[in-house]
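Please read the report below with the sequence and the three-dimensional view side by side, and find each named residue as it comes up.

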Amino acid sequence: MQLPAALWRVIAGTTLVVLSFSLLNPVMAVRLEHMGASATAIGFFAMLPYFSVALMVPFAPRVFKAVGVGHAYRIGLAMELVACVGYLLTESYALWCALALTAGVGSAAAWNATEALIAHNVPATHRGRLTGLYQTALGGAMALAPLLPGLLGLEPHGANVVAAMCLVAGLLLSVGGDITHLQATREDAPHMSLWSAWRAHPVLAWAALTGGVFEVGLTSVTTAYGSETGLNLAQATSIAGALGMGSFLLQYPAGWLADHMRTTKLFAGAGVILLLSAIGFAASPHWPQLMWVSATCWGAVGGALYTLSMIRVAHDFSNSSAVAGTAAMIACYTLGGSVGPLVSGVVLDHWGLPGQAVWLGGLAASLLLALPRMRAAQISHAQDGSRG
């Protein structure tokens with residue numbers, strides 16, 4: 001399968017961005033916990049980048065049209081680098097929150113650009129596998145990053161420096177005029193707003209939101225909870241590493257399966273596993289190993305929900321706007337990533353692990369209840385395609 005070399009460099013650069021982000025987030029959570037911040041305050045801080053992305057993604061199509069996808073990608077990486085360096089220069093919680101918002105704006109540009117370029121440029125016969133391969137690379141970065149403090153003996157500030165170096169490398173990969181020539185939508189495609197994309201596939205959007213909560217919305221709060229139970233930095237961040245390892249292991253198989261069977265069946269299996277993992281986390285005080293087991297399931301299945309959503313977008317929006325379709329899914333995924341730590345922090349502060357199990361289990365059950373509508377929408381899309 002031949003793809004533009006520039007696209008491969010974008011994929012590599014975005015993988016480095018995820019490595020940086022996944023290293024920095026749990027370390028910042030531990031720093032905040034050591035400073036005496038509550039789980040709610042930690043959850044609020046962890047929410048901000050995703051909240052910022054969710055706010056900015058709706059403007060992505062206009063930004064891409066105004067400055068070009070390649071230029072928007074570079075600007076996004078530069079903004080993330082500024083925020084990462086800023087964490088080294090201050091320990092003010094308020095300034096950290098402002099920097100987190102800045103990083104989120106940069107992520108909105110870089111993330112949406114990468115996903116739209118993949119959806120637009122990969123042939124239909126290989127969309128599942130290439131999307132799964134890309135998500136596997138991101139999952140590998142998510143798995144490796146939280147383990148680096150233990151593997152390299154890094155203190156929080158040293159981990160921050162490593163995160164900044166990853167962003168510098170990603171920015172250097174984006175240098176080159178060929179990246180600015182990449183396209184993310186057909187020139188003759190009709191305009192589609194995010195609202196139209198959401199209305200066309202509401203359950204797909206809900207699946208993306210659920211994936212965001214489980215894959216990235218629980219990392220910081222769960223790491224802080226592990227630290228609260230007496231785990232050291234390496235042990236606490238290894239919970240986030242287990243979450244990333246789960247994401248790494250399942251994404252390519254999920255993409256391969258999506259090329260060979262109905263995605264609604266895969267969504268159903270995902271909902272069941274997430275429901276069971278929420279129950280398992282509630283039992284972790286009696287069997288501590290269940291913290292790592294549940295985290296692995298959250299990363300694997302939460303990531304698969306996002307991968308499957310993007311694969312469906314590439315198919316269902318192929319004749320309209322991959323930018324609008326991917327932006328809609330990213331907005332929902334990041335909304336889940338922002339809601340996840342905030343709600344989980346509040347729930348853990350007030351209702352402990354039983355409350356956390358109820359909230360996460362209810363979210364998994366809601367996906368299962370929505371699947372009949374998703375199945376009907378896919379049948380309707382297939383019928384429309386056959387008439388076309």
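At 0% relative accessibility, Thr307 counts as buried, because the cut-off for a buried residue is under 20%. This structure is a predicted model, and within it Thr307 is found in helix α15, which covers residues 289–316. When residues up to four places away in sequence are left out, Thr307 touches Thr131, Gly132, Gln135 and Gln251.

Two of these partners, Thr131 and Gln135, also take part in the meeting of helices α5 and α6. Two packed helices are described by the angle between their axes and the distance between the axes. For α5 and α6 (residues 127–144), the angle is about 155° and the axes are 10 Å apart. How do α5 and α6 run relative to each other, roughly parallel or roughly antiparallel? Angles over 145 degrees count as roughly antiparallel, and α5 and α6 are therefore roughly antiparallel to each other. The crossing in which α5 passes α6 is right-handed. On the side of α5, the residues in this contact are Thr114, Glu115, Ile118 and Ala119, and they meet Arg127, Leu130, Thr131, Tyr134 and Gln135 in α6. Sorted by class, the contact of α5 with α6 has 4 nonpolar, 3 polar and 2 charged residues.

Elsewhere, ring pairs link Phe214, Tyr225, Phe281 and Trp298 into a cluster. Tyr225 is also one of the buried residues of helix α12. Why can α12 be called largely enclosed by the rest of the structure? The reason is that 9 of the 10 residues of α12, which spans residues 219–228, are buried. Besides Tyr225, the buried residues of α12 include Thr219, Val221, Ala224 and Gly226. After α12 comes Gly230, whose phi is positive, near 110°.

Methods
Residues are numbered from 1 along each chain as its sequence is written. This is a predicted model: local features need pLDDT of at least 70, side-chain atom pairs count only at pLDDT 80 or more; totals for chains, interfaces and linings use all residues. Side-chain values use heavy atoms; hydrogens and water are left out. Buried means under 20% relative accessible area, exposed over 50%, partly exposed in between (1.4 Å probe, protein chains only). Helices (H or I, at least four residues) and strands (E, at least two) are DSSP runs, numbered from the N terminus. Contact means heavy atoms within 4.5 Å. Rings of Phe, Tyr and Trp (its six-membered ring) pair if their centres lie within 6.5 Å; planes under 30 degrees apart count as stacked, over 60 as edge-to-face and the rest as tilted. Axes are lines fitted to C-alpha atoms, for helices over the stretch in contact, and angles run from 0 to 180 degrees between N-to-C directions. Angles under 35 degrees count as roughly parallel, over 145 as roughly antiparallel, 65 to 115 as roughly perpendicular and the rest as oblique. A crossing is left-handed if the near helix is turned anticlockwise from the far one by less than a right angle, and right-handed if clockwise. Ala, Val, Leu, Ile, Met, Phe, Trp, Tyr, Cys and Pro count as nonpolar, Asp, Glu, Lys and Arg as charged, and the others, Gly among them, as polar.
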